[in-house]
Amino acid sequence: MKKNTIFISAVIFAFLVIPLAMADISCTAKTSCSTAEAYILGMSARTNAHAALPGQSGYQYKLCCSGNGISADSSGSYSQDILRISSPTNAHACAGCGYSNIAPFSLNDQSITGMECSYVSSGDCPGSDSCIIGLSGMSNAHVSDCANKPSNYGAICCHLTLDSV
């Protein structure tokens, strides 16, 4: 009887935890994005790079993000302004500044009610937050993918907010 109770508890735990794990966001700079990933930003390199809006030519790397319902547009049920760049190409980036070019990032999964993001000036993202992109500073910054982020770079860190149904 005790073994059955432990097994049932483990199954219930798995059903509760696995959907939450699937809500994670993952972003990586690579030469092409898969169909399951959103192309968020062009990058001149994986680190210490200039940025470009998606679709601009001359950028070897693409910041590709995946997660439940993430898309590279602003037409989703929830649109998030997480990063702005100074011009469509050859740009510096900022978190929460007045640059007019917004990196497209939206969510189209109805079970996701939002995304909370913050800028961390150094170190790793806190708790269960995912690193979206590294920045050399909060404004007028070069960008880096999180896997290659220099130790003196900050980061934009985000997590998805799930519907509690």
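**The disulfides and their surroundings**

Cys 94 is buried, with a relative accessible area of 0%, where buried means under 20% relative accessible area, exposed over 50%, and partly exposed in between, with a 1.4 Å probe and protein chains only. The model is a predicted one, in which local features need pLDDT of at least 70 and side-chain atom pairs count only at pLDDT 80 or more, while totals for chains, interfaces and linings use all residues. Residues are numbered from 1 along each chain as its sequence is written, and side-chain values use heavy atoms, with hydrogens and water left out.

Cys 94 forms a disulfide (a pair of cysteine sulfur atoms within 2.5 Å) with Cys 97, the two sulfur atoms being 1.6 Å apart. Because the torsion about their S-S bond is about -60°, this disulfide is left-handed; Cys 97 is partly exposed, at 23%.

A search of the whole structure finds 6 disulfides, and another of them joins Cys 33 to Cys 64, with an S to S distance of 2.0 Å. The link of Cys 33 and Cys 64 is left-handed, with -85° about the S-S bond. Cys 33 is partly exposed, with a relative accessible area of 22%, whereas Cys 64 is buried at 0%.

A disulfide also joins Cys 117 to Cys 158, again with S to S 2.0 Å, and since the torsion about the S-S bond is about 110°, the link is right-handed. Cys 117 is partly exposed at 29%, while Cys 158 counts as buried at 0% relative accessibility.

With bonded cysteines counted along the chain, the disulfides follow the pattern 1-4, 2-3, 5-6, 7-12, 8-11, 9-10.
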